[in-house]
Amino acid sequence: LKAALEESHASQAAELSSLRQQVQQRETITERAETLVRQKGEEIAAMAAQIKQLSGQNREVREGKRQLEFKVRDLEAKLGELTDEHERASEELKRLRVKKVQAEEELHKTKHDLGKAEERGSVL
């Protein structure tokens with residue numbers, strides 16, 4: 001009976017030792033998994049921070065682009081106004097050149113008439 005109890009006790013001790021080894025292995029695996037989960041969590045947090053930063057930069061770029069688009073529209077409007085003003089000024093310049101030519105012709109005619117009147121005046 002004693003031998004049977006000792007054998008049973010040895011068998012249970014061996015089984016207990018085997019179970020302890022399995023628990024130890026599972027604890028090691030669990031610790032590794034926890035470490036890996038922690039590392040991945042840190043990587044995800046770092047990526048989230050980068051995404052947040054990039055999102056902020058993207059907003060700034062979009063706002064800058066929007067401001068540039070407004071500036072371009074303003075410049076295009078000013079260019080249109082300047083183009084219209086240039087066309088009006090060109091037309092006015094043409095009109096003034098015609099007037100100048102007409103005035104020069106009138107002056108030449110007046111000088112010619114004055115010369116004839118002076119000749120008649122000196123003859124009288």
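This report looks at charged side chains in a predicted model.

**Salt bridges**

Side chains of opposite charge can pair when their charged atoms come close. A search of the whole structure finds six salt bridges. The table shows three of them, including the pair of arginine 66 and glutamate 63.

| Pair | N to O distance |
|---|---|
| Lysine 40 and glutamate 43 | 3.5 Å |
| Arginine 66 and glutamate 63 | 2.8 Å |
| Lysine 94 and glutamate 91 | 3.7 Å |

How many residues apart are glutamate 43 and lysine 40? They sit three residues apart in helix α1, about one turn of the helix. Arginine 66 and glutamate 63 are also in helix α1; they are three residues apart, so about one helical turn separates them. Lysine 94 and glutamate 91 lie in helix α1 too, and their spacing of three residues means about one helical turn between them.

**Exposure of the partners**

Lysine 40 is partly exposed because its relative accessible area is 41%. Arginine 66, at 39%, is partly exposed. Glutamate 63 is partly exposed as well, at 31%. Lysine 94 has 49% relative accessibility and counts as partly exposed.

**A negative patch**

Glu81, Asp84, Glu85 and Glu87 form a negative surface patch. Aspartate 84 belongs to helix α1, which covers residues 2-123. Its relative accessibility is 39%, so aspartate 84 counts as partly exposed.

Methods. Residues are numbered from 1 along each chain as its sequence is written. This is a predicted model: local features need pLDDT of at least 70, side-chain atom pairs count only at pLDDT 80 or more; totals for chains, interfaces and linings use all residues. Side-chain values use heavy atoms; hydrogens and water are left out. Patches are made of residues with over 30% relative accessible area and no salt bridge: like charges are joined within 9 Å, nonpolar side chains (Val, Leu, Ile, Met, Phe, Trp, Tyr) within 5 Å. Accessible areas come from the Shrake-Rupley method with a 1.4 Å probe; for residues, only the protein chains shown count as cover. A salt bridge is a side-chain nitrogen of Lys or Arg within 4 Å of a carboxyl oxygen of Asp or Glu. Lys and Arg count as positive and Asp and Glu as negative; His and the chain ends are not counted. The place of a charge is taken as NZ of Lys, CZ of Arg, CG of Asp or CD of Glu. Helices (H or I, at least four residues) and strands (E, at least two) are DSSP runs, numbered from the N terminus. Buried means under 20% relative accessible area, exposed over 50%, partly exposed in between (1.4 Å probe, protein chains only).
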